[in-house]
Amino acid sequence: AAEEHPNTTSLKRLVRLAMEAGQWRRATQAYLKMAALLPEPADQATAHVQAAAVFQHHLGSSEQAARHYERALEINPADLSPLEELASMLAGGDQWRALRGVYERMIERTSLLPEPPRDLLGVLWFKLGEVLRLHLNDLDAARTAYSAAAEIQPDNMQLHGLLAELYDGQSDEESLRRSVHH
(Lines give C-alpha, C1' and ligand atoms only; values in the text may rest on other atoms or scores of the structure.)
Protein backbone atom coordinates (compact mmCIF):
# COMPACT_ATOMS: atom_id res chain seq x y z
CA ALA A 1 0.00 0.00 0.00
CA ALA A 2 1.19 3.50 -0.74
CA GLU A 3 2.29 5.65 2.16
CA GLU A 4 -0.17 8.24 3.34
CA HIS A 5 0.60 11.85 2.47
CA PRO A 6 2.03 13.50 5.62
CA ASN A 7 -0.50 16.32 5.38
CA THR A 8 -3.45 13.90 5.50
CA THR A 9 -2.16 12.51 8.81
CA SER A 10 -2.03 16.04 10.20
CA LEU A 11 -5.45 16.85 8.77
CA LYS A 12 -6.97 13.75 10.37
CA ARG A 13 -5.61 14.94 13.72
CA LEU A 14 -6.97 18.42 13.06
CA VAL A 15 -10.42 16.97 12.25
CA ARG A 16 -10.42 14.97 15.49
CA LEU A 17 -9.40 17.98 17.59
CA ALA A 18 -11.84 20.31 15.83
CA MET A 19 -14.71 17.86 16.33
CA GLU A 20 -13.86 17.41 20.02
CA ALA A 21 -13.85 21.20 20.43
CA GLY A 22 -17.06 21.68 18.44
CA GLN A 23 -15.22 23.70 15.78
CA TRP A 24 -17.34 22.43 12.93
CA ARG A 25 -16.19 24.85 10.23
CA ARG A 26 -12.58 23.96 10.90
CA ALA A 27 -13.48 20.27 10.68
CA THR A 28 -15.15 20.74 7.28
CA GLN A 29 -12.19 22.71 5.99
CA ALA A 30 -9.84 19.91 7.04
CA TYR A 31 -12.04 17.26 5.40
CA LEU A 32 -12.10 19.24 2.15
CA LYS A 33 -8.32 19.76 2.20
CA MET A 34 -7.99 16.02 2.76
CA ALA A 35 -10.24 15.33 -0.22
CA ALA A 36 -7.91 17.41 -2.39
CA LEU A 37 -4.80 15.53 -1.18
CA LEU A 38 -5.99 11.94 -1.13
CA PRO A 39 -4.95 9.95 -4.23
CA GLU A 40 -7.80 7.42 -4.29
CA PRO A 41 -11.22 8.56 -5.60
CA ALA A 42 -13.04 6.42 -2.99
CA ASP A 43 -11.10 8.18 -0.20
CA GLN A 44 -11.73 11.60 -1.75
CA ALA A 45 -15.45 10.82 -1.91
CA THR A 46 -15.44 9.67 1.73
CA ALA A 47 -13.86 12.97 2.79
CA HIS A 48 -16.63 14.86 0.93
CA VAL A 49 -19.29 12.72 2.63
CA GLN A 50 -17.75 13.42 6.03
CA ALA A 51 -17.71 17.16 5.31
CA ALA A 52 -21.33 16.94 4.10
CA ALA A 53 -22.40 15.21 7.32
CA VAL A 54 -20.83 17.99 9.40
CA PHE A 55 -22.50 20.66 7.25
CA GLN A 56 -25.82 18.88 7.62
CA HIS A 57 -25.82 17.83 11.26
CA HIS A 58 -23.68 20.44 12.98
CA LEU A 59 -23.81 23.57 10.84
CA GLY A 60 -27.39 23.24 9.58
CA SER A 61 -26.34 23.97 6.02
CA SER A 62 -28.30 21.62 3.78
CA GLU A 63 -27.09 23.48 0.66
CA GLN A 64 -23.42 22.87 1.51
CA ALA A 65 -24.20 19.30 2.57
CA ALA A 66 -25.99 18.65 -0.72
CA ARG A 67 -23.08 20.07 -2.70
CA HIS A 68 -20.60 17.71 -1.02
CA TYR A 69 -22.86 14.64 -1.17
CA GLU A 70 -23.20 15.25 -4.92
CA ARG A 71 -19.46 15.82 -5.27
CA ALA A 72 -18.86 12.44 -3.61
CA LEU A 73 -21.25 10.84 -6.12
CA GLU A 74 -19.39 12.47 -9.02
CA ILE A 75 -16.04 11.21 -7.74
CA ASN A 76 -17.16 7.69 -6.86
CA PRO A 77 -20.44 6.79 -8.59
CA ALA A 78 -20.11 3.16 -7.47
CA ASP A 79 -20.88 4.11 -3.85
CA LEU A 80 -24.54 5.06 -3.50
CA SER A 81 -24.51 5.84 0.23
CA PRO A 82 -24.11 9.60 -0.44
CA LEU A 83 -27.23 9.44 -2.63
CA GLU A 84 -29.17 7.79 0.20
CA GLU A 85 -28.01 10.45 2.67
CA LEU A 86 -28.81 13.24 0.24
CA ALA A 87 -32.25 11.86 -0.64
CA SER A 88 -33.08 11.40 3.04
CA MET A 89 -31.98 14.94 3.88
CA LEU A 90 -33.95 16.54 1.03
CA ALA A 91 -37.08 14.45 1.59
CA GLY A 92 -36.94 15.22 5.31
CA GLY A 93 -36.91 18.91 4.47
CA ASP A 94 -39.67 18.64 1.84
CA GLN A 95 -37.20 19.82 -0.79
CA TRP A 96 -38.84 17.85 -3.58
CA ARG A 97 -37.68 20.01 -6.48
CA ALA A 98 -34.10 19.68 -5.29
CA LEU A 99 -34.54 15.91 -4.95
CA ARG A 100 -35.94 15.80 -8.48
CA GLY A 101 -32.77 17.50 -9.69
CA VAL A 102 -30.59 15.05 -7.77
CA TYR A 103 -32.30 12.05 -9.36
CA GLU A 104 -32.12 13.62 -12.83
CA ARG A 105 -28.38 14.33 -12.44
CA MET A 106 -27.75 10.80 -11.10
CA ILE A 107 -29.60 9.30 -14.07
CA GLU A 108 -27.56 11.41 -16.48
CA ARG A 109 -24.28 10.63 -14.69
CA THR A 110 -25.05 6.91 -14.47
CA SER A 111 -26.12 6.75 -18.12
CA LEU A 112 -22.73 8.13 -19.17
CA LEU A 113 -20.78 5.32 -17.50
CA PRO A 114 -19.07 2.90 -19.91
CA GLU A 115 -21.33 0.08 -18.67
CA PRO A 116 -24.33 1.72 -16.98
CA PRO A 117 -25.82 -0.50 -14.26
CA ARG A 118 -29.32 -1.09 -15.62
CA ASP A 119 -30.78 -2.13 -12.27
CA LEU A 120 -29.61 1.13 -10.72
CA LEU A 121 -31.00 3.15 -13.61
CA GLY A 122 -34.36 1.39 -13.18
CA VAL A 123 -34.44 2.29 -9.49
CA LEU A 124 -33.42 5.90 -10.16
CA TRP A 125 -36.12 6.35 -12.82
CA PHE A 126 -38.69 4.83 -10.45
CA LYS A 127 -37.66 7.09 -7.54
CA LEU A 128 -37.80 10.11 -9.84
CA GLY A 129 -41.31 9.05 -10.88
CA GLU A 130 -42.35 8.78 -7.24
CA VAL A 131 -41.12 12.30 -6.46
CA LEU A 132 -42.84 13.69 -9.55
CA ARG A 133 -46.15 11.92 -8.91
CA LEU A 134 -46.47 12.00 -5.14
CA HIS A 135 -44.82 15.31 -4.25
CA LEU A 136 -44.68 17.57 -7.30
CA ASN A 137 -47.96 16.43 -8.90
CA ASP A 138 -46.32 16.37 -12.33
CA LEU A 139 -48.11 13.35 -13.77
CA ASP A 140 -46.80 13.77 -17.33
CA ALA A 141 -43.19 13.77 -16.15
CA ALA A 142 -44.00 10.90 -13.79
CA ARG A 143 -45.33 8.85 -16.72
CA THR A 144 -42.10 9.50 -18.61
CA ALA A 145 -39.98 8.44 -15.63
CA TYR A 146 -42.05 5.32 -14.93
CA SER A 147 -41.95 4.41 -18.65
CA ALA A 148 -38.15 4.59 -18.61
CA ALA A 149 -38.11 2.39 -15.50
CA ALA A 150 -40.51 -0.07 -17.16
CA GLU A 151 -38.26 -0.33 -20.23
CA ILE A 152 -35.42 -1.36 -17.94
CA GLN A 153 -37.60 -3.61 -15.75
CA PRO A 154 -40.04 -5.16 -18.25
CA ASP A 155 -41.10 -7.91 -15.80
CA ASN A 156 -42.12 -5.47 -13.05
CA MET A 157 -45.90 -5.91 -13.12
CA GLN A 158 -46.40 -3.46 -10.26
CA LEU A 159 -44.75 -0.74 -12.34
CA HIS A 160 -46.85 -1.63 -15.39
CA GLY A 161 -50.01 -1.47 -13.28
CA LEU A 162 -49.05 1.96 -12.02
CA LEU A 163 -48.39 3.14 -15.55
CA ALA A 164 -51.74 1.79 -16.71
CA GLU A 165 -53.53 3.74 -13.99
CA LEU A 166 -51.63 6.91 -14.88
CA TYR A 167 -52.41 6.53 -18.57
CA ASP A 168 -56.06 5.77 -17.82
CA GLY A 169 -56.18 9.24 -16.31
CA GLN A 170 -57.14 8.11 -12.85
CA SER A 171 -56.57 10.93 -10.45
CA ASP A 172 -57.48 9.14 -7.25
CA GLU A 173 -54.16 9.54 -5.47
CA GLU A 174 -54.98 6.94 -2.82
CA SER A 175 -55.58 4.24 -5.40
CA LEU A 176 -52.27 5.13 -7.04
CA ARG A 177 -50.47 4.92 -3.71
CA ARG A 178 -52.01 1.51 -3.01
CA SER A 179 -50.91 0.21 -6.43
CA VAL A 180 -47.30 1.06 -5.64
CA HIS A 181 -47.25 -0.32 -2.12
CA HIS A 182 -49.09 -3.60 -2.77
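Predicted model: local features only at pLDDT ≥ 70, side-chain atom pairs only at ≥ 80, totals over all residues.

Residues are numbered from 1 along each chain as its sequence is written, and side-chain values use heavy atoms, with hydrogens and water left out.

The chain has 10 helices and 0 strands; these are DSSP runs, with helices being H or I of at least four residues and strands E of at least two, numbered from the N terminus. Along the sequence the pattern reads α-α-α-α-α-α-α-α-α-α.

Of the 182 residues in the chain, 41% are buried, meaning under 20% relative accessible area with a 1.4 Å probe, protein chains only. Among contacts (heavy atoms within 4.5 Å) with a separation of 6 or more, 40% join residues 24 or more positions apart.

Now to the pair. Helix α4 covers residues 62–75 and helix α5 covers residues 81–92; they pack at about 155°, with axes 9 Å apart. Axes are lines fitted to C-alpha atoms, for helices over the stretch in contact, and angles run from 0 to 180 degrees between N-to-C directions. α4 and α5 are therefore roughly antiparallel to each other, a term for angles over 145 degrees.

From α4, the contact is made by S62, A65, A66, Y69, E70, A72 and L73; from α5, by P82, L83, E85, L86 and M89.

How values were computed:
Parallel < 35°, antiparallel > 145°, perpendicular 65-115°, else oblique. Buried < 20%, exposed > 50% of the residue type's maximum accessible area, 1.4 Å probe, protein only.
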